[in-house]
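Please keep the structure in view while reading.

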There are 2 protein chains.
Amino acid sequence: MTIVPKGYSFGVAAAGFKRPDRNDLGIIVSHGEASAAGVFTTNRFQAAPVLVCKELLAERPLARALLVSSGQANACTGAEGLANCRETLAIAATAAKALKIEPEDVLPTSTGVIGAQLKMDKWAAAAPQLAQSLGTASAMDVAKAMMTTDTFPKLVAKTLSLPGGEVRVLGMCKGAGMISPKMATMLGFILTDADVEPKDWQELLSSAADRSFNALTVDGDTSTNDTVLALANGASRVAVRDAKSLRLLRACVTELCQELSYRIVQDAEGGTKVAHITVRGAKSNAQAELAARAIGNSPLVKTALFGCDPNWGRIVAALGRSGAEFEAEAVVLTIGGILVFEKGQPSPEDLDGLLAPIMRHQDVAIELDLHAGRGSFTLLASDLTKRYIEINADYRT
Amino acid sequence: MTIVPKGYSFGVAAAGFKRPDRNDLGIIVSHGEASAAGVFTTNRFQAAPVLVCKELLAERPLARALLVSSGQANACTGAEGLANCRETLAIAATAAKALKIEPEDVLPTSTGVIGAQLKMDKWAAAAPQLAQSLGTASAMDVAKAMMTTDTFPKLVAKTLSLPGGEVRVLGMCKGAGMISPKMATMLGFILTDADVEPKDWQELLSSAADRSFNALTVDGDTSTNDTVLALANGASRVAVRDAKSLRLLRACVTELCQELSYRIVQDAEGGTKVAHITVRGAKSNAQAELAARAIGNSPLVKTALFGCDPNWGRIVAALGRSGAEFEAEAVVLTIGGILVFEKGQPSPEDLDGLLAPIMRHQDVAIELDLHAGRGSFTLLASDLTKRYIEINADYRT
């Protein structure tokens with residue numbers, strides 16, 4: 001059973017935004033005021049809920065509730081979209097009135113088709129169901145309500161022993177396509193009952209996101225709605241103020257975010273593989289990232305992964321066009337620990353034979369040393385399959 | 001019937017590099033010394049034939065023959081690959097000895113799997129067949145011999161009336177995957193019987209390539225072998241020296257390269273659509289190109305094209321993450337001339353209804369004005385289909 005942080009209630013409803021009989025609206029309410037932190041998409045077009053969250057967190061880094069809906073992204077919807085988003089906060093506050101929250105206590109998120117306006121009549125009609133559910137639904141119910149093309153819910157929970165006592169950390173996220181987060185993943189919520197100052201909590205979340213959600217790709221497309229929100233409500237009465245406790249909590253949240261990130265790539269639309277692409281010896285971390293992303297987003301590398309084809313030439317070709325600086329002769333490539341390419345030519349082994357069993361694993365480690373400096377980066381990348389095309393050629397129909 | 005420039009002979013052979021009974025070796029021999037120009041891949045890993053071509057052209061911008069083989073790319077093959085490439089020049093010179101050419105008169109090109117060494121025994125065995133064919137084969141035969149995953153040969157010919165008389169220009173190319181040329185396309189040959197100085201010819205080719213091969217994408221992957229070579233042998237005895245004749249010839253070669261480029265995207269691996277993506281009003285041409293490439297390489301835009309789905313939110317989302325600078329409110333998007341998005345929100349028409357017939361055309365015009373400056377760029381892009389995955393998951397098997 002999932003260990004849920006103290007002092008949070010969960011609620012869901014089937015509003016029928018896209019399909020009937022499927023929960024597509026979720027709320028998480030903290031019983032007391034919580035330190036709130038968020039990281040958001042860097043896409044120049046930012047969805048209405050992203051703009052509203054940023055505005056609310058800028059006013060005060062505290063919140064009581066996280067709201068999520070799936071079906072419409074409420075992105076590229078102009079003034080009407082913003083007004084609708086604010087209206088959903090009022091609806092959520094009404095639904096959670098037993099827990100005494102105000103509209104400005106609610107941080108909103110949405111995921112779904114870009115450009116469509118929210119179905120406000122369905123929002124209003126769903127409020128009583130949400131109110132009834134609140135307190136009886138589970139964290140897993142909310143994780144399921146935020147799914148779109150996801151094939152499984154993504155929930156990770158941990159307990160952490162700190163000098164001041166035990167705290168619990170829970171995270172959930174959704175994401176399977178339009179995934180190449182620059183600040184966060186599609187949608188993610190992190191909850192803890194530790195007592196953390198808002199400034200520390202934000203710094204901790206940003207650092208964890210950089211090492212997890214910002215280091216994965218499904219298709220190189222960064223969404224307009226990417227958001228990770230985190231609440232720390234202090235219900236454990238364990239204060240996290242000293243450097244050691246903060247370090248332990250940061251490590252715990254980072255590990256939790258990495259586990260959630262892995263699940264996104266594992267559940268990539270149509271995906272069958274998770275490539276762990278590590279570039280070392282680059283001139284800088286940024287150059288290592290440039291190289292890793294060129295490889296991880298290459299359709300030819302991704303289709304070879306799908307075909308279990310050890311076609312390493314495509315990895316080298318993608319590196320060569322990445323823009324990273326290095327000497328071609330200095331590059332060393334290994335796949336699953338097997339030396340494949342160095343000094344500008346393939347290793348003289350029977351590579352196809354050696355690599356065949358490695359390519360059939362779900363997890364494939366691709367490691368490159370550029371011997372040009374000390375920069376490094378590891379990217380998780382999915383493969384590219386016929387199923388991805390099917391899902392995305394028919395997404396709206 | 002194709003009008004072939006004067007003073008060139010063509011030869012082909014079925015060497016069996018990949019499959020038996022298919023011509024996979026081609027040669028074009030100019031009867032006299034020709035001005036020679038080339039543009040090459042910017043990939044940091046450059047194939048052996050690319051390195052040899054650049055070396056030969058740096059020594060002297062003149063040549064007698066163009067050689068092409070399909071099956072092995074001879075890329076990432078180290079010193080052995082370079083030695084093999086030089087050996088193929090000798091084999092070609094032997095095959096064409098009736099036309100009195102030396103190994104250093106031959107410019108080599110290759111296309112196929114990266115990392116495999118050339119099959120030199122098959123090269124040697126094919127030389128007599130190539131010799132016998134030389135002079136009886138057609139330009140179309142060579143265009144067919146350079147095909148790999150191409151489904152049709154790509155050949156365009158033009159006649160041009162100049163002040164000094166009539167000249168002929170012929171171009172051929174191959175390319176269907178690993179296509180996002182930065183200097184040229186996969187492989188292309190341009191022939192003319194005009195008499196042009198090497199310096200003018202190179203300048204003219206570079207300019208034409210920038211406006212054609214360098215403005216298309218299939219999958220965002222730039223090959224290690226991209227090469228366009230051009231010969232001008234003067235066999236028409238029409239000298240092109242004056243500014244007017246040079247301008248006319250440049251326009252003719254540019255148009256010819258654009259027609260060849262279109263055919264590459266038309267024949268994109270598994271492709272069913274050609275998107276003409278124009279970005280205007282960017283801060284610079286480079287920023288317009290950045291935006292156009294983000295859209296044209298977006299798997300989500302490409303799968304929507306395949307599905308004939310007017311899912312314009314994906315175009316806007318790709319623009320938003322492209323790195324181009326603009327105000328989100330200022331962007332105007334039209335598809336097939338229909339106003340879709342402006343002032344940060346969709347146009348209030350029944351967009352799906354209006355766009356449905358437009359999305360079913362093979363050619364789809366996507367036009368964006370960023371209202372941030374005067375930069376512009378037009379990119380030709382293919383869609384992404386199940387067939388692309390099939391082709392590339394199984395390429396080597």
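In this predicted model, strand β9(A) and strand β17 (residues 375–382) of chain A run parallel and are joined by two bridges. One residue that takes part is Thr217(A), whose bridge partner in β17(A) is Ala381(A). Helix α7 (residues 285–296) of chain A packs on the sheet, where it touches β9, β12 (274–282), β16 (363–369) and β17 of chain A, and the direction of the helix makes about 25° with that of β17(A).

The sheet itself is open and has seven strands with mixed pairing, in the order β9-β17-β12-β16-β13-β14-β15 (chain A). Because β9 (216–217) and β15 of chain A stand at the edges and each has a single partner strand, one side of each is left without a neighbour in the sheet.

**The contact between the chains**

The contact between the two chains takes 50 residues from chain A and 50 residues from chain B. On the side of chain A that touches chain B, the elements listed below each give two or more residues, and the largest share, six residues, comes from α9(A).

| Element of chain A | Residues |
|---|---|
| α8(A) | 299–306 |
| α9(A) | 313–320 |
| β15(A) | 345–346 |
| α11(A) | 386–393 |

By residue type, this side of chain A divides into 22 nonpolar, 18 polar and 10 charged residues.

How is chain A superposed on chain B, and with what shift along the axis? A rotation of 180° with 0.0 Å of shift along its axis brings chain A onto chain B, with an RMSD of 0.0 Å, and the two copies are therefore related as by a two-fold rotation axis. Among the residues of chain A, Lys386(A) comes closest to the rotation axis, its C-alpha lying at 2.4 Å. The same surface serves both copies, since 100% of the contact residues of chain A recur in chain B.

**A helix pair in chain B**

In chain B, the axes of helix α5 (residues 198–210) and helix α6 (residues 243–266) come within 9 Å and cross at roughly 40°, so that α5(B) and α6(B) are oblique to each other. The crossing in which α5(B) passes α6(B) is right-handed. From α5(B), the residues Asp200(B), Leu204(B), Ser207(B), Ala208(B) and Ala209(B) meet Leu246(B), Leu249(B), Arg250(B), Val253(B), Thr254(B) and Cys257(B) of α6(B). The residues of this contact of α5(B) with α6(B) divide into seven nonpolar, two polar and two charged.

Conventions:
Residues numbered from 1 in each chain as written. Chains lettered and ligands numbered in written order. Predicted model: local features only at pLDDT ≥ 70, side-chain atom pairs only at ≥ 80, totals over all residues. Contact = placed C-beta atoms within 7 Å. Helix = DSSP H or I, 4+ residues; strand = E, 2+ residues; numbered from the N terminus. Nonpolar A, V, L, I, M, F, W, Y, C, P; charged D, E, K, R; others polar. Pairing = 2+ DSSP bridges. Axes fitted to C-alpha atoms, helices over the stretch in contact; angles between N-to-C directions. Least-squares fit on C-alpha atoms with pLDDT ≥ 70 in both. Parallel < 35°, antiparallel > 145°, perpendicular 65-115°, else oblique. Left-handed = near helix turned anticlockwise from the far one by under 90°.
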